[in-house]
Amino acid sequence: MKDSDLDIQSIDPTLYNADLAPIPHSKRTWGWFEIFNVWSNDIQSLFGYTLAASLFLSYGLNGWAVMAAIILAGVIVMYLVNLTGKPSVKYGIPFPVMIRASMGVRGANLPAMLRAIIGIFWYGVQTYFASTAVALLITALFGAGDGSTFLGLSGVAWVSFVIVWLFQIAIFWQGIDRIKHFLNWAGPLVYLVMVALMIIVWVQAGSELLPAIGTIFSGDGSHSGSAIAAFLAIVGTMVAYFAAVVINFGDFTRFVRSEREMKLGNLLGLPLNVAFFSFIALIITAGTLVLFGDALTNPADIVERVDSLPLTIVAALTFFAATVGINLVANFIPPAYDLANLFPSRISFKMGGLITAIIAFFVGALWVSVISQIGVPGFVNALGAIVAPFYGIIVVDYYLVKRQHLDMEQLFSSDPAGAYYYVKGWNSKALAAFGMAALFSISTVLIPALSDLNGYGWLIGAGLGGLFYHFLMRNHQMAVAPTQP
């Protein structure tokens, strides 16, 4: 496709600004390494490690079986994002513009706002987790303070939280290139620290470590179903962890030079990366049970117990960097685009990011005292289930209904005769497909009678969304024939 095919001739200020416009191929600078580091930082964040480690302890499975389930989830996510990333590699558009083709040029605001809400939640939560690394560093250097708390956070924790919150805004404000550079050094560096921590724990645990992996996790979990059901629930939970990024992966692939580089980055960043990282998490989690008698799932707590000041300083800085990195890319950029999509003439990409940061401040501040009380896996599953149907709708629309051809001009047009205007800018069939699928997928998380399906909410929602959409749109005729590339 030529760059000239991506030019928008007629600009509608209610649908267009420079941040939402297609990026020409000649101006794209991302390759496989940048995509690899998106996943690398996502997996290596403190929240990602805590989730992975908690899965080893929650389902009563052998540690190796849990590791296999996490790796399988990585393979599944790789195939899912290859599908959602391809259209944005081709056309250079972000998620809220891409989904106009299926939901309508006005209806796209619904998934964009739901995705923004989820991004803002994740942003606040990840900001808190990143702040625990900073708090670890401050405590190691200056002490823990007087021990008084407010909303479950000590004075040091509050100072750390504000530092991380301000630092992220400063990085974001300097643009996508600065974020890319930040990711490219943060991802590899944190691996070095995790490997060092694994070796230290392994050496200290000695000969008791490997037997612990096979036996210490077995039978201790709360999952009431069979081993197969537990295995599949872990797969579903890990897929749900990546759910928000899976749906709006186009926000990142619009910067990638080619589909081949996107796929290579996904291969290295997901199945292979997850395999290595889950092995590290398995060894460290088993080691903490052998060494301390407690299941420590936060790396900051583990480093604190190891009691090595040099390791504490290096680990705190790298955990902070990795968590901030994915927060900027996965939880700051998408809501910034989504909010800009609401009022393009009034909200720029940067203004959308600032709104995101302000709201997320309160989410992070309430994480310990309120939000975390529902449990990490449940939190991940509930958020993922809400937006899951949009994945199926996007994929079915692009590959089966639109046959991989979109009209860029029409995506930015509010002409009632336009290809993606539908009825007053909304595709009622897509809305119905979302509603029916979302009702079922969120029920698997919230209704006790459907608790056996808990963990599968995202996959069920995505599948039903695509199935309902394909059925409802089977006789749909485009108002305007799409431009052939």
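1. The model is predicted: local features need pLDDT of at least 70, side-chain atom pairs count only at pLDDT 80 or more, and totals for chains, interfaces and linings use all residues. Residues are numbered from 1 along each chain as its sequence is written, and side-chain values use heavy atoms, with hydrogens and water left out.

2. There are four cavities of 30 Å³ or more. A cavity is a set of points, on a 1 Å grid over the protein atoms alone, where a 1.4 Å probe fits but cannot get out. Points are joined across faces, edges and corners, and a volume is the space filled by probe spheres set on the points.

3. The largest cavity has a volume of about 90 Å³. Its lining (residues with an atom within 4 Å of a point) consists of D42, W122, Q126, Y241, F242, A243, A244, V245, I326, A330 and N331.

4. Ala, Val, Leu, Ile, Met, Phe, Trp, Tyr, Cys and Pro count as nonpolar, Asp, Glu, Lys and Arg as charged, and the others, Gly among them, as polar.

5. The second largest cavity holds about 70 Å³, and I43, G48, A52, I70, M238, Y241, F242, V274, F277 and S278 line it. Helix 2 (46–58) and helix 10 (227–241) each supply at least two lining residues, while helix 13 gives the most, with three. Eight residues of this lining are nonpolar, two are polar and none is charged.

Notes: 1 Å grid on protein atoms, 1.4 Å probe; cavity = no way out; pocket = protein on both sides within 12 Å on 5 of 7 lines; lining within 4 Å. Helix = DSSP H or I, 4+ residues; strand = E, 2+ residues; numbered from the N terminus.
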